[in-house]
Amino acid sequence: MTIHNKMHNCALYVCTDEALMREQTKCLDRLYEFNMTRPAEGEKRQKMLKDMFWEIGENCYIEPPLHCNWGGRHVHFGNNVYANFGLTLVDDTHIYVGDHTMFGPHVTLATAGHPVLPELREKAYQFNAPIHIGRNCWLGAGVIVLPGVTIGDNSVIGAGSVVTKDIPTGVVAYGNPCKVIREIGEKDRETYFQGRKIDCSAIE
């Protein structure tokens with residue numbers, strides 16, 4: 001099994017492999033250039049993201065600074081994905097994000113981990129597990145998603161949560177560790193924040 005295969009199969013590998021690090025550095029150089037773009041250079045940013053990411057859909061907006069272990073090389077974004085500043089994608093293996101999903105400031109999606117056994121950590125062993133974020137999700141500020149986690153469509157993850165296990169579709173979940181608090185339902189069709197009523201006549 002090659003080192004690239006190990007990266008994407010949850011196998012242990014040495015992350016300081018010289019050839020791998022040279023490859024990674026090229027990706028990080030492109031990421032550096034993206035983060036140095038000006039706010040008025042929206043079109044340039046879009047072109048750069050299409051080159052940096054494995055795939056990225058239409059009308060995606062990522063506010064710099066963006067942090068990625070591989071510069072987005074293993075990231076798959078759908079259409080209309082929004083990321084506020086400080087998004088961290090530990091993309092040592094694949095990260096999948098569905099259409100219309102939103103990330104608050106300083107969200108971290110971390111696919112990489114290290115063995116608990118000290119002797120293996122000393123030798124720079126690492127493993128990776130993919131992350132799947134569904135369609136039309138909202139992850140609040142400071143959310144951390146750990147390796148191998150799946151979050152279902154339409155779910156909301158409250159600010160500051162640490163997501164250690166899968167979250168189903170259509171729920172509100174928060175906490176450390178993150179837990180499902182309730183399903184999204186009729187109440188959410190009537191109010192949006194601290195009991196404030198949704199004025200349906202004003203919604204386009």
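Helices (H or I, at least four residues) and strands (E, at least two) are DSSP runs, numbered here from the N terminus. This is a predicted model, in which local features need pLDDT of at least 70, side-chain atom pairs count only at pLDDT 80 or more, and totals for chains, interfaces and linings use all residues. Residues are numbered from 1 along each chain as its sequence is written, and side-chain values use heavy atoms, with hydrogens and water left out.

We begin with the sheets. Strands of a sheet pair through backbone hydrogen bonds, either parallel or antiparallel. Two strands are taken to pair if DSSP finds at least two bridges between them. Met-102 stands opposite Trp-138 of S14.

A second open sheet has five strands, ordered S2-S5-S8-S13-S16, with parallel pairing. Here the edges are strand S2 (55–56) and strand S16 (150–151), and each has a single partner strand, so one side of each lacks a neighbour in the sheet. Strand S5 (residues 75–77) and strand S8 (residues 95–97) run parallel and are joined by three bridges. His-76 has Tyr-96 in S8 as its bridge partner.

Rolling a probe the size of a water molecule over the atoms shows where empty space is left. The search uses a 1 Å grid over the protein atoms alone: a cavity is a set of points where a 1.4 Å probe fits but cannot get out, whereas a pocket is an open set with protein on both sides within 12 Å along at least five of seven lines, and lining residues have an atom within 4 Å of a point. Grid points are joined across faces, edges and corners, and a volume is the space filled by probe spheres set on the points. The volume of the largest pocket is about 840 Å³. Its lining consists of 26 residues, and those nearest the centre are Trp-138, Val-156, Arg-182, Asp-188 and Tyr-192.

Which elements each supply at least two residues of this lining? They are strand S17 (156–157), strand S19 (171–174), strand S20 (179–183), helix H5 (187–190) and strand S21 (191–193). S21 gives the largest share, three residues. By residue type, the lining of the largest pocket holds 14 nonpolar, nine polar and three charged residues. In this count Ala, Val, Leu, Ile, Met, Phe, Trp, Tyr, Cys and Pro are nonpolar, Asp, Glu, Lys and Arg are charged, and the others, Gly among them, are polar.

Asn-128 lies in strand S12 (residues 125–128). Asn-128 is buried, with a relative accessible area of 1%; buried means under 20% relative accessible area, exposed over 50%, and partly exposed in between (1.4 Å probe, protein chains only). The side chain of Asn-128 makes polar contacts with the side chain of Tyr-13 (2.9 Å) and with that of Gln-126 (2.9 Å). A polar contact is a pair of N or O atoms within 3.5 Å; within protein, one must be able to donate a hydrogen and the other to accept it, and residues adjacent in sequence count only if both atoms are side-chain atoms.

Some loops have backbone features to note. Pro-64 and Pro-65 are joined by a cis peptide bond with omega about 5°, and Pro-65 lies in the loop between S3 and strand S4 (67–68). Another cis peptide bond, with omega about 0°, joins Asn-176 and Pro-177; Pro-177 is in the loop between S19 and S20. His-106, a residue other than glycine, has a positive phi near 60°. His-106 sits in the loop between S9 and strand S10 (108–110) and counts as partly exposed at 48% relative accessibility. Ala-124, also not a glycine, has a positive phi of about 65°. Ala-124 is in the loop between helix H4 (118–122) and S12, and is buried with a relative accessible area of 17%.

The structure holds zero disulfides, a disulfide being a pair of cysteine sulfur atoms within 2.5 Å.
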